[in-house]
Amino acid sequence: MKARIQVVACKCCTQAPPLLDMNDIMSVVSDRELVVSSMLVDGICDSKNIRPVLEDARNKDVDRVLVLACQKKDFSPGLLAAYKRAGINEFLIEFVDLRDEVVLPHLGDGKRAQAKAETKAIAGLQRLLMLEPLEKARENMRTTNVVVLGGGASGRRAAEVAAAQGAHTIIIEKSGRSFKAPGVIMPNSSLTGAKGYGGNFVLTIKAGEKPEELECAAVVVATGGGWTELKGPLAKACKSSVPLYQLQEQFQGGAALKGPVVIADTPDPAGKTLAVQDFAWDETLALATDIKRKQPLEEVFVVFQEMRAFGLSELAYKEAAELGVKFVRYDRSAGPKIDPQEPTKLSVKDLAQGDVLAIPFGTLAFAAIPANKDNQAIADALRIPMSPEGGVRRGSIQRWPVSTPRPGVFVCGSAMFPKSKETAEAEGEAAGLLAGRFAMKGTIEFGGIVAEVEQEKCSACLTCVRTCPYEAPFIGAAGKAEIRVQACQGCGMCAGICPSKAIELHGFTDDQIMQETRTMLGGDF
Ligand code: SF4
Ligand code: SF4
């Protein structure tokens with residue numbers, strides 16, 4: 001039976017309309033044989049636009065779809081779910097990313113962008129025709145355990161919400177402190193290894209001296225941040241400086257602070273420049289405001305690189321400024337300095353005015369929060385990516401703000417970068433909800449775009465076993481490589497690196513890639 005193709009293009013990307021002629025792109029692909037439906041819509045993520053697209057697909061018996069829009073990961077899952085409901089195999093939907101691969105790289109050259117977009121659309125169509133329908137399989141989860149790494153504000157909230165979904169929660173807390181939370185709390189323990197995949201993980205937990213294996217369906221990373229140790233040049237020059245939390249304790253304990261009070265976002269404990277997000281902005285605003293209210297005659301300065309006020313804390317910034325807190329923003333390349341000969345004077349170039357200010361102070365506090373040192377070991381164990389600042393990287397700010405790229409692993413709070421307690425708790429709630437629901441599904445879906453080994457060609461060289469970030473390949477009973485399909489994330493690294501060319505990735509076979517490449521190389525770009 002001949003394919004019946006629908007082409008859908010989205011024009012929501014703000015740069016696309018002035019740069020690309022979407023009607024021309026549509027006509028290049030719509031006139032092709034087998035294309036029975038073509039629709040140009042404003043925002044394909046919007047359910048009101050999905051409805052007519054789907055209706056047309058149903059009316060015209062569409063069985064394959066070409067989507068011209070942005071990155072697949074930025075799409076509303078609603079679109080894929082809708083096509084699934086219409087009986088279209090999800091692996092017969094081809095996405096062409098016009099935003100990241102055409103618009104953004106060619107912003108200054110509309111002609112070039114148009115030619116590339118048209119070529120990519122044709123290549124996508126040709127690839128779509130070569131795709132095979134793929135199926136997913138299911139496996140039962142062995143447990144409803146959700147493991148939360150960290151018993152801080154976000155971790156406790158995550159555990160409460162996951163437990164409310166019916167999951168059994170276990171908090172792994174590295175300190176010996178006690179706190180209330182549902183399920184089990186394992187104090188003085190840490191994660192040292194992980195096997196398996198989302199739904200059926202086996203974690204290795206070091207509890208005291210003894211490693212234990214723990215099965216779980218989902219993991220929430222809630223390691224929090226850590227206050228900086230004062231090792232940088234400013235702290236060395238001013239021996240009486242304190243971290244922000246100590247100043248908070250002193251102030252809340254009733255101590256009158258000696259003014260002027262300076263709260264700065266340095267020093268860097270590791271010798272590198274702190275990134276903007278390493279600044280405890282919300283806590284700084286709260287303390288600066290409280291000091292100004294209680295000691296209105298004292299000057300309070302906040303010296304910072306960039307404001308990172310979340311949500312309503314923008315209003316706290318306004319309130320602090322109205323109370324008279326002075327904000328001095330500096331450029332990262334010219335941070336504040338203290339001459340050891342004058343240890344109570346901080347000099348900094350004010351970015352707004354361009355002047356170097358000399359601020360004499362009676363109290364100096366640092367509000368830097370470096371990433372938790374445990375993040376790297378946890379990310380290695382769970383095979384999840386890190387941000388350059390040392391936090392755990394989330395999946396996508398728009399669609400997956402508390403998920404990681406690995407199914408079944410979620411992240412919240414300052415494990416990503418410093419947050420206020422309220423924000424950390426809100427993220428803990430979201431991560432706990434997702435983890436709890438994930439664990440309570442009872443089954444995992446796997447398969448589709450996964451690797452497969454052609455065993456006759458395999459020389460058991462172990463390259464794929466050593467390369468795969470998810471431990472999916474293994475040497476089976478026949479002495480040849482096999483793929484643990486549940487663990488495979490379809491990244492294609494093994495297929496690219498296998499010296500015997502024994503591995504193929506479903507949905508990205510050599511023939512499919514070659515056809516697309518041939519079309520692209522013939523294009524004008
Ligand atoms: S890399 Fe290729 S040849 Fe080597 S073990 Fe894996 S499948 Fe076999
Ligand atoms: S495709 Fe990626 S995740 Fe799957 S087995 Fe190969 S390297 Fe591992």
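This is a predicted model: local features need pLDDT of at least 70, side-chain atom pairs count only at pLDDT 80 or more; totals for chains, interfaces and linings use all residues.
Four bridges link β15 to strand β16 (residues 326-329), and the two run parallel. Within that pairing, V302 has F327 of β16 as its bridge partner. Strand β15 also pairs with strand β14 (residues 261-264), again in the parallel sense and over four bridges.

How well covered is β15 (residues 300-304)? Five of its five residues are buried, so the strand is described as mostly covered. The cover is found on both faces: V300, V302 and F304 are buried on one side, and F301 and V303 are buried on the other.

The peptide bond from G259 to P260 is cis, with omega near -15°. P260 sits in the loop between α9 (244-252) and β14. As a general rule, most peptide bonds are trans.

## The chain as a whole

Stepping back, the protein chain holds 16 helices and 26 strands. Its C-alpha trace spans about 85 × 60 × 45 Å along the principal axes. Of its 525 residues, 41% count as buried. If you take the contacts between residues at least 6 apart in sequence, 68% of them join residues at least 24 apart.

The chain is divided into four parts: domain 1 (5-134), domain 2 (145-226 + 372-444), domain 3 (233-366) and domain 4 (448-506). Note that domain 2 is given as two segments, 145-226 and 372-444. Between the C-alpha centres of domain 3 and domain 4 the distance is 53 Å.

An open sheet of four strands runs in the order β2-β1-β3-β4, and its pairing is parallel. At its edges are β2 (35-41) and β4 (93-97), each of which pairs on one side only. Ignoring direction, neighbouring strands of the sheet are turned by 15° against each other on average. Helix α3 (residues 47-59) packs on this sheet and touches β1 and β2, its direction making about 170° with that of β2. Strand β1 (residues 5-10) is joined to β2 by six bridges in the parallel sense, and one bridge pair sets V7 against S38 in β2.

D56 is 13 residues from A69 in sequence, and their C-alpha atoms are 19 Å apart in space.

## An antiparallel sheet

Another open sheet has three strands in the order β17-β18-β19, this time with antiparallel pairing. The edge positions belong to β17 (337-338) and β19 (356-360); each has a single partner strand, so one side of each is left without a neighbour in the sheet. Strand β18 (residues 345-349) is joined to β19 by five bridges, and the two run antiparallel. Across that pairing, L346 stands opposite I359 in β19.

## Around the two ligands

Ligand 2 has 16 residues around it, and the closest are C468, A472, C488, C491 and C494. Its shell divides into twelve nonpolar and four polar residues, with no charged residue.

## Two backbone angles to check

Most residues other than glycine have a negative phi. L462 has a positive phi of about 75° although it is not a glycine. This residue lies in the loop between β23 (451-453) and α14 (463-467). Is L462 buried or exposed? L462 counts as exposed, because it has 12 C-beta neighbours inside 10 Å.

K501 is also not a glycine, and its phi is positive at about 50°. K501 is found in the loop between α15 (493-497) and β26 (503-505). With 11 C-beta neighbours inside 10 Å, K501 counts as exposed.

Methods:
Residues are numbered from 1 along each chain as its sequence is written. Chains are lettered from A and ligands numbered from 1 in the order in which they are written. Two strands pair if DSSP finds at least two bridges between them. Axes are lines fitted to C-alpha atoms, for helices over the stretch in contact, and angles run from 0 to 180 degrees between N-to-C directions. Two residues are in contact if their C-beta atoms, placed from the backbone, lie within 7 Å. Domain bounds come from an automatic or database domain assignment. A residue is near a molecule or strand if its C-beta atom, placed from the backbone, lies within 6 Å of it. Ala, Val, Leu, Ile, Met, Phe, Trp, Tyr, Cys and Pro count as nonpolar, Asp, Glu, Lys and Arg as charged, and the others, Gly among them, as polar. A residue is buried if 20 or more other C-beta atoms lie within 10 Å of its own, exposed if 12 or fewer, and partly exposed in between; C-beta atoms are placed from the backbone.
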